[in-house]
Amino acid sequence: MAEVSLIYLVDGATGEAVEAELRDAIKAAQLVDWQTKWQPALITVLQELDRRGVPVGQWPQSWHWDWRKKTAAVQGLLAFRGFCVVAAGVTQGLAQVDLTKGAREAGQVGKPLVYVDYLEVAPWNRPDLGQQLRFRGVGTALLSAVVALSEAEGFKGRIGLHSLPQADRFYRDRCGMTDLGPDAAYQGLRYFEMTPDQAQAFLKEEE
Amino acid sequence: MKLERRKEWWIDRARREGDAVVGAGLVARDPAPESRSLAAGEETRIAFGRFVHLMRRRQGYSMEQLAERADLEPSELLVIEDDVHYVPGPRTVYKLAETFEVPQQRLMQLAGLAAANDAGLAREAVRFAARSESIEKLTAEESAALEVFVAVLSEWDPKRMK
């Protein structure tokens, strides 16, 4: 049974606070939302870009229609430890974590951390797709859960992740994480880590 | 694991996120990059192949059985289901429309043999293709997607066969 925490997001249109749930598990309902709501929403964006005649090279990332790999990967999430954010009855964000990896940052090498295998927010919560944002704060909420898990596991808040290209600035500037540069083993995605000090600042900031 | 923070804390954090994009891991990337973009007609042909595949399975035919029923070559059915570059001949599409009891003209458009005069069919075709997967048994969702798509094909053809 998933443990549920009450959290708050911000409505992208009104700026008002909205109640949401942060759950410490991913269940079948989340995969159904991904398949039946997230995926069609992404397709709609693609078609709009196509309709406007935007060249493929200028789309948020390179897209094509082989959804099978991604679908299989998302369906595999049930087997791992993860988090989700649910608001308005719909899954707004998903994260999967791995507790078996060690830190790379110079001062923390080899120490245990929570590695974020996967973190994604629903298409309608992505500002890079040129639509009105539905909710703000989903990604931050998921990241907060990961840092809290690291503390609960005795990892002192250490976390690691490979950032999507458009998210680099968020991890570096707004989360204060250490940028360890592009990782050739992960298609050149930049690898970021949060040290115990950075984790403390991240969780306590603005309290 | 329970996370307890004040309401103001969450709101402040959400506002600070602003218009930043948040995502991590290879799975979070949008569907894998490919060197080419879709050629004209490929979107609907993906749906055409998926449609034939699901209708065949729903009616309980093997590829050979469908080939026999529709008087087509099994090898052609194989490429129709698996290769978006393949453009089937008019007779093939006619036979499939007849076998599946769906409007011929719409199926021609889906297969890329006739131009659709509205964007609606392409939109519905892509939606259908994205919602269905080629797995052994039709899931409830696939069946539902198929039903809706058959209805769309039928609705938009004034000379519906059904």
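A residue is taken as buried if 20 or more other C-beta atoms lie within 10 Å of its own, as exposed if 12 or fewer do, and as partly exposed in between, the C-beta atoms being placed from the backbone. By this criterion, 43% of the 207 residues of chain A count as buried, and 39% of the 162 residues of chain B. The structure is a predicted model, in which local features need pLDDT of at least 70 and side-chain atom pairs count only at pLDDT 80 or more, whereas totals for chains, interfaces and linings use all residues. Residues are numbered from 1 along each chain as its sequence is written, and chains are lettered from A and ligands numbered from 1 in the order in which they are written.

Secondary structure was assigned from DSSP runs numbered from the N terminus, with helices (H or I) of at least four residues and strands (E) of at least two. Chain A contains five helices and nine strands, arranged from the N terminus on as β-β-α-α-β-β-β-β-α-β-α-β-β-α. Chain B has eight helices and zero strands, and its pattern along the sequence is accordingly written α-α-α-α-α-α-α-α. Two residues are in contact if their C-beta atoms, placed from the backbone, lie within 7 Å. Of the contacts in chain A with a separation of 6 or more, 59% are between residues 24 or more positions apart. In chain B, 59% of the contacts between residues at least 6 apart in sequence join residues at least 24 apart.

The strands of chain A form an open sheet of nine, in the order E6-E1-E2-E3-E4-E5-E7-E9-E8, with mixed pairing; two strands pair if DSSP finds at least two bridges between them. Strand E6 (135-136) and strand E8 (178-182) of chain A are the edge strands, each pairing on one side only. Helix H1 (residues 7-17) of chain B packs on this sheet and touches strand E1 (4-11), strand E2 (17-23) and E6 of chain A. The direction of this helix makes about 45 degrees with that of E1(A), where axes are lines fitted to C-alpha atoms, for helices over the stretch in contact, and angles run from 0 to 180 degrees between N-to-C directions.

Within the sheet, strand E5 (residues 114-121) of chain A pairs with strand E4 (residues 90-98) of chain A in the antiparallel sense over six bridges. A:Gly93 stands opposite A:Val121 in E5(A), and A:Val97 has A:Val116 as its bridge partner in that strand. E5(A) runs parallel to strand E7 (residues 159-163) of chain A, to which three bridges join it; here A:Tyr115 has A:Gly160 in E7(A) as its bridge partner. Eight of the eight residues of E5(A) are buried, and the strand is therefore largely enclosed by the rest of the structure.

Helix packing in chain A is illustrated by helix H3 (residues 138-152) and helix H5 (residues 196-204), which pack at an angle of about 130 degrees with their axes 11 Å apart. H3(A) and H5(A) are therefore oblique to each other, given that angles under 35 degrees count as roughly parallel, over 145 as roughly antiparallel, 65 to 115 as roughly perpendicular and the rest as oblique. In this contact A:Ser144, A:Val147 and A:Ser150 of H3(A) meet A:Ala199, A:Phe202 and A:Leu203 of H5(A). The residues of the contact divide into four nonpolar, two polar and no charged, with Ala, Val, Leu, Ile, Met, Phe, Trp, Tyr, Cys and Pro classed as nonpolar, Asp, Glu, Lys and Arg as charged, and the others, Gly among them, as polar.

In chain B, six of the eight residues of helix H6 (residues 104-111) are buried, so this helix is largely enclosed by the rest of the structure. The buried residues are B:Gln105, B:Arg106, B:Leu107, B:Gln109, B:Leu110 and B:Ala111. H6(B) is followed by B:Gly112, which has a positive phi near 90 degrees.

Positive phi values also occur in residues other than glycine. A:Ala88 has phi near 55 degrees and lies in the loop between strand E3 (81-87) and E4 of chain A. A:Ala88 is exposed, with 12 other C-beta atoms within 10 Å. In chain B, phi of B:Asp71 is positive at about 60 degrees, and this residue lies in the loop between helix H3 (63-70) and helix H4 (74-82) of chain B. B:Asp71 likewise counts as exposed, with 11 C-beta neighbours inside 10 Å.
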